[in-house]
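Welcome! Here is a friendly briefing on one protein structure, grouped by topic. Please keep the sequence and the 3D view open as you read.

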Amino acid sequence: MGRERFEELVGDALDRIPVELTRLMDNVVIFVEDEAPAGGPELLGLYEGTPLTERGEWYAGVLPDRITVYRNPILRMCADEEELVHEVAVTVAHEIGHHFGIPDERLHELGYG
């Protein structure tokens, strides 16, 4: 699957996040990269930043939080487009969960990871 189509799937996954939650997202950008950083685990996505639950009065004038979805690891693990659509949606929701301060353990319990 080409990058453009994959980015459409990420956009579709974002569209499925409830509006009540997306309205609360603050100072965060979403990127698609081909590969996760070398030398670490094969990640499907990564949240980098300060979760909303940890922001205080000091939080001003900072660069946006960053959510990255890694295209090739997801493509390698999925057998068909249906599985790919599902995994992209789960990965996007998982990383947005981190933006809201939800830890991995809870996201896994909820089926996002």
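**A first stop: Phe 6**

Leaving out residues up to four places away in sequence, Phe 6 touches Met 1, Val 32, Val 69, Tyr 70, Arg 71, Ile 74, Leu 75, Leu 84 and Val 88. Keep in mind that this is a predicted model.

**The nonpolar core**

- Phe 6 belongs to the largest nonpolar core, which has 20 residues.
- Phe 6 is one of the residues with the most contacts inside this core, a list that also holds Val 10, Ile 74, Leu 84, Val 88, Val 92 and Ile 96.
- At least two residues of the core come from each of these elements: helix H1 (3-15), strand S1 (28-33), strand S3 (65-70) and helix H4 (81-99).
- Which element gives the most to this core? H4 does, with five residues.
- As background, nonpolar side chains tend to be buried together in soluble globular proteins.

**The strands**

- S1 and S3 pair in the parallel sense, and six bridges join them.
- To find one of these bridges in the 3D view, look for Val 28, whose partner in S3 is Asp 65.
- S3 also pairs with strand S2 (residues 45-48); these two run antiparallel, with four bridges between them.
- Here you can look for Leu 46, whose bridge partner in S3 is Thr 68.
- Is S3 mostly covered or uncovered? S3 is mostly covered, as five of its six residues are buried.

**The largest pocket**

- The volume of the largest pocket is about 290 Å³.
- Its lining is made of 15 residues, and those nearest the centre of the pocket are Ile 17, Pro 18, Leu 21, Ala 93 and Tyr 112.
- H4 gives the most to the lining of this pocket, with five residues.
- By type, the lining residues of the largest pocket are 13 nonpolar, one polar and one charged.

**The second largest pocket**

- The second largest pocket holds about 230 Å³ of space.
- It is lined by 13 residues, and Leu 44, His 94, Glu 95, His 108 and Gly 113 are the closest to its centre.
- Two or more lining residues come from each of H4 and helix H5 (104-109).
- The largest share of this lining, five residues, is supplied by H4.
- How do the lining residues of the second largest pocket divide by type? There are four nonpolar, five polar and four charged residues.

**A closer look at His 94**

- His 94 sits in helix H4.
- Why does His 94 count as buried? Its relative accessible area is 9%, and buried means under 20%, so His 94 is buried.
- Setting aside neighbours within four places in sequence, His 94 is in contact with Asp 104, Leu 107, His 108, Tyr 112 and Gly 113.

Methods. Residues numbered from 1 in each chain as written. Predicted model: local features only at pLDDT ≥ 70, side-chain atom pairs only at ≥ 80, totals over all residues. Heavy atoms only, no water. Core = buried A, V, L, I, M, F, W, Y, C linked by side-chain atoms within 4.5 Å. Buried < 20%, exposed > 50% of the residue type's maximum accessible area, 1.4 Å probe, protein only. Contact = heavy atoms within 4.5 Å. 1 Å grid on protein atoms, 1.4 Å probe; cavity = no way out; pocket = protein on both sides within 12 Å on 5 of 7 lines; lining within 4 Å. Points joined across faces, edges and corners; volume = space filled by probe spheres on them. Nonpolar A, V, L, I, M, F, W, Y, C, P; charged D, E, K, R; others polar. Pairing = 2+ DSSP bridges.
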